[in-house]
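Subject: Structure handover

Hello,

Here is the structure I said I would pass on. Please have it open while you read; my notes on what was found follow below.

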Amino acid sequence: MKQLLTVLVATAGIVSGVGPLLAHHGAATFDTGKEVVLEGTVAEWVWSNPHCFLKFEVKEKDGRVRTWVTETSNPPDMVNRGWSRRSFKAGDTVKATVEPVKSGNPVGRLLEVTFADGRVLSTRGGPAPTAAP
Amino acid sequence: MSHRGALVGFTAVAIVALFAVGFAQQVRVPGAQYDSDFPNEKPGPAPSRDIAGIWEPARGPSDAIQATGARNVPDTGRPEHQLPFTPEGLKANLVNKPAWGPRMVPSAQSNDPQPRCEPQGWPRVILHNYRTAQIVQTPKQVLVLYQFNRKWRNIWMDGRANPKVDDFLEPRWWGYSAGRWVDDYTFVAETVGMDERTWLDNVGRPHSWEARVEERYHRRDAVHLDVTVTINDPVYYSKPWVALDRLPLRLQPDTLDIREMECSPSEFERYNREFAEPAAGVQGIAR
């Protein structure tokens, strides 16, 4: 079983990498394939074109607070994945999986978010669509 | 690898593949219909001389989002995707600095006009982001309304010819378009006079003032429309090339609401300042 889990996790990483986020404003800056998991507090969820982005504060080991800025895709694409303008509110506690940039700045692509109540939002897929507006 | 190891690996791949397929099927425009929703469908016959309706990529909303270049010839660096550039075309191609493909630069350093809300023009609107679109037919025009950046085009079909492309013609971001029915199920339009500042696709393929773009709509059956786009630009390319080959669109319920997708300069400014520039480790570029 341990062997199965190992292969499963590895394969999941490969498959998840095949389906890129719908971002269309450049891939050159990202450390492609690298993922970091960050726990923090939502500062702002910016619902806008060309891409929505989530700003959240992460407490570092030395006690300093660093604000991360992580992009998703544009509003229509995020709606297709079950996200909305009200997906986050300031103060929400989140665990975010991020593909960071190469520059070392606290910036990256948001791949997945887990809320304190266990709900998950992903840019790799999404829950079933709601009824048409 | 042992038989047991192979079995474990195969099982894992199968599970994850099913998981991934499940996710892929869930990503959809709310209210839209896709071919995967009708596994045993036998569509009725195509109506005659009718391409009107709301259309969505038949295989899913991401099927024709072409970040790495025109769908049939993405900029992969592979020989089969090399375009037949003339020396002049190759030179023009190097001027463009895309944010995707083998020549990509950080988006904050790209000179791509589109993300800054400059008009992406024709045919980039569908060679980059072919999303939901509505086609309206009137006696003298075919109108195409695009979700992406909320743009529209008119294709004249009143018998007029396209204007002569010379130094006196006013350039247009969207060019001049005229179309005709070549048979009862195929509508073909040609567009000329496109502003040379526009890119053909998301990886900066250029076009000259002499470029002509043919779009061909084939009504395959009651619910499908196949779209083909061919670039004919003898100044920049030594021969015509097919950028989009029979992309299948699916007819949607006429009640489907096309959601707004607009390029806002102030939103882009903020995105660039708070995300793109820190991402690239630069400040104040590409404003």
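The largest nonpolar core in this predicted model has 45 residues, and those touching the most other members are Trp55(B), Leu127(B), Val227(B), Val229(B), Ala243(B) and Leu244(B). Several elements of chain B supply at least two residues each, among them strand E1 (53-57), helix H3 (124-128), strand E8 (224-232) and strand E9 (241-251). E9(B) gives the most, with 5 residues. To see how one member sits, look at Val227(B): beyond its neighbours within four places in sequence, Val227(B) is in contact with Glu215(B), Tyr217(B), Leu244(B), Leu247(B) and Leu249(B). There is also a second, separate core of 29 residues, which includes Cys52(A), Trp68(A), Phe88(A) and Ala96(A).

Now the chains themselves. Chain B contains 4 helices and 9 strands, and from the N terminus on its elements run α-β-α-α-β-β-β-β-β-β-β-β-α. Chain B has 287 residues, of which 40% count as buried. Of the contacts in chain B between residues at least 6 apart in sequence, 63% join residues at least 24 apart. Chain B is divided into domain 1 (3-30) and domain 2 (55-280), and the centres of these two domains, taken over C-alpha atoms, are separated by 34 Å.

Chain A has 133 residues, and 41% of them count as buried. Its 2 helices and 6 strands follow the pattern α-β-β-β-α-β-β-β along the sequence. For contacts in chain A between residues at least 6 apart in sequence, the share joining residues at least 24 apart is 56%.

An α-helix has 3.6 residues a turn, so residues three or four places apart point the same way. After H4(B) comes Gly281(B), with a positive phi near 75°.

Some backbone details remain. Most residues other than glycine have a negative phi, and most peptide bonds are trans. Two cis bonds are worth looking up:

- Asn49(A) and Pro50(A) are joined by a cis peptide bond with omega about 0°; Pro50(A) is in the loop between strand E1 (36-46) and E2 of chain A.
- The peptide bond from Trp122(B) to Pro123(B) is cis, omega being near 5°; Pro123(B) is in the loop between helix H2 (87-95) and H3 of chain B.

- Arg49(B) has a phi near 50° and belongs to the loop between helix H1 (3-26) and E1 of chain B. Arg49(B) counts as partly exposed because it has 14 C-beta neighbours inside 10 Å.
- Asn149(B) has a phi of about 60° and belongs to the loop between E3 and strand E4 (151-156) of chain B. Asn149(B) has 18 C-beta neighbours inside 10 Å, so it too counts as partly exposed.

Regards

Definitions and conventions
Residues numbered from 1 in each chain as written. Chains lettered and ligands numbered in written order. Predicted model: local features only at pLDDT ≥ 70, side-chain atom pairs only at ≥ 80, totals over all residues. Buried ≥ 20, exposed ≤ 12 C-beta atoms within 10 Å, placed from the backbone. Contact = placed C-beta atoms within 7 Å. Domains from an automatic or database assignment. Core = buried A, V, L, I, M, F, W, Y, C linked by C-beta atoms within 7 Å.
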